[in-house]
Amino acid sequence: MTDPSEALKAQADDAQELREFESLLKSARLTRLQLPPRIRGASPEVKREQYKREIDEMLGRITYPEPFTEGVPQAIPKPFESSPKHKFCELEMYFAQMLDDETLRLVKSITPERGKKGAFPVMGGIKCLGDLWRTKCFAQSIQEVVADFCKRTAHTNEPMSVVDAGSGAFPFMAMYAALQDPRVRVTCIEHNPRAAAIAKAIVDKMGLGSQIEVVAGDILQFKRPKDTFDLVISETMNSAFATEYLQDHMTHLRDFTKPAAKFMPERVEIYAGVSGFWDTAPSSGPPKQQIRLDTSNYYFLNIEQKLTASSQGQDNTGSWKKVATWTPEAPLDTIKGQLTVGPEEDKFGFKIHVASRVYLPGVDQTTGESRPVEIAPERSLITSRQDILNDAYNGLFYTEGKEVVEFSYKPGELEDAWVSHKRQ
Ligand SMILES: C[S@@+](CC[C@H](N)C(=O)[O-])C[C@H]1O[C@@H](n2cnc3c(N)ncnc32)[C@H](O)[C@@H]1O
């Protein structure tokens, strides 16, 4: 790094990352939540059972969330309500309070190289746990897939080989998989070396070191022999593939999977929709919410009401329209959509939104049939609404009447989206 301003920024980022992590550890110490004393000194089997039970209890407290459009869903859990200052969720605190000053010293001794594609700061990865509905759905999927594998291979007793690509500092997915069955072996890959060091410390504290290996490095450089993995877990995505690179990671990891391997997620659908501000009230159509801007009345096409609409949705009534589907076998080169906007005569401004629906593999435990665990639009950061900004003013495109809107972007690069809108 030769540019002195870049070097200063990197130093500031390093210091900020450490401050945030230290603050999490302090909060964890201040909270009343303590590991129940019986866990100390207990046998490894008893500890496993207890961790699993405690984590399942925390997951059981997570309820289906209201749709949201911005920020992390409210995830402040019961034990910490008395301490509003500590904005961490129960799961974050649970793992944080296993760490000690030794981990902090270790983390401080590592200076990560900045600018690694996709790498999150330590707290950025940890905070994903607070996207609670997402976390709960992944846990359900892991539990069902591992149980199914173990049932099907009971006669051979073979290990189940899992990779958790982009595990973060608190490798919840890996640990939850390992706690399901001692036959599970997980390789975690994490690009941020501080996060990888914390992950290893937690894995060791929980006595899962013989089941979980943590590799500090880039998923895209990672190699294992062909036919290694039974399950690939990666939550390196945000909604509509706006800025992260799940698709590249899954495509790369496919080279090391067994033919019957499962992928988590196994399918992502991308939806698009428009919302707009009209000059006049439309005489018909779905309910509109009137809002006042300056001196004029505008009518807002209330897209939020329709977020659960199916792929059949009509774009200019505020419903989502399905524009692309990703699966590990069918990567997307570009994500593109065509929508129509507006009443014939009115001038108005409109916004273009994308969102997704994520499917994780699941198995019905009574019938043994596959059926997905689904995360609906707006229930998680990985399915929430993103606006296409392009060079529009505040994300608002101006039009003179009914138009056809087209857009396209490369997965991970929504900010470079191409947009065109023309009268029909
Ligand atoms: C969205 S977070 C998810 C963390 C955790 N798995 C969870 O779901 O709670 C994504 C994590 O993937 C890591 N990551 C992103 N791209 C990566 C890459 N190319 N190689 C390794 N890790 C990567 C980031 O540093 C971050 O910790």
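Which residues in α6 meet which residues in α7? I took this up at the start of my notes on this predicted model.

**Entry 1: the helix pair**

I looked up the α6 side of the contact and found T135, F138, A139, I142, Q143, V146 and A147. They meet F172, M173, Y176, A177 and Q180 in α7. I then sorted the contact residues by class. They come to 9 nonpolar, 3 polar and no charged. Next I checked the geometry. Helix α6 covers residues 132-152, and its packing angle with α7 is about 35°. I noted 9 Å between the two axes. The crossing of α6 and α7 is right-handed.

**Entry 2: the ligand shell**

I turned to the ligand. I counted 21 residues around the ligand, and G118, G125, G166, G168 and H191 come nearest. Two elements give two or more residues to this shell: α7 (172-180) and β2 (184-190). So much for where they sit; I also wanted the classes. The shell has 10 nonpolar, 8 polar and 3 charged residues.

**Entry 3: the parallel sheet**

I traced an open sheet of 5 strands. The order reads β3-β2-β1-β4-β5, and the pairing is parallel. The edges are β3 (212-216) and β5 (257-264), each pairing on one side only.

Strand β1 (residues 160-165) pairs with strand β4 (residues 229-233) over 3 bridges, in the parallel sense. D164 stands opposite I233 in β4.

Which strands does helix α8 touch? I found α8 (residues 193-205) packed on the sheet, touching β2 and β3. The direction of α8 makes about 165° with that of β3. Helix α9 (residues 246-253) lies across β1, β4 and β5. I noted that α9 runs at about 150° to β1.

**Entry 4: the antiparallel sheet**

I then went to an open sheet of 3 strands. The order is β10-β15-β16, with antiparallel pairing. Why is one side of β10 and of β16 left without a neighbour in the sheet? Strands β10 (335-341) and β16 (418-423) stand at the edges with a single partner strand each, so one side of each has no neighbour there. I read an average twist of 15° from one strand to the next.

Strand β15 (residues 403-409) pairs with β16 in the antiparallel sense over 6 bridges. I looked up E406 and found S420 in β16 as its bridge partner.

Notes: Residues are numbered from 1 along each chain as its sequence is written. This is a predicted model: local features need pLDDT of at least 70, side-chain atom pairs count only at pLDDT 80 or more; totals for chains, interfaces and linings use all residues. A residue is near a molecule or strand if its C-beta atom, placed from the backbone, lies within 6 Å of it. Helices (H or I, at least four residues) and strands (E, at least two) are DSSP runs, numbered from the N terminus. Ala, Val, Leu, Ile, Met, Phe, Trp, Tyr, Cys and Pro count as nonpolar, Asp, Glu, Lys and Arg as charged, and the others, Gly among them, as polar. Two strands pair if DSSP finds at least two bridges between them. Axes are lines fitted to C-alpha atoms, for helices over the stretch in contact, and angles run from 0 to 180 degrees between N-to-C directions. A crossing is left-handed if the near helix is turned anticlockwise from the far one by less than a right angle, and right-handed if clockwise. Two residues are in contact if their C-beta atoms, placed from the backbone, lie within 7 Å.
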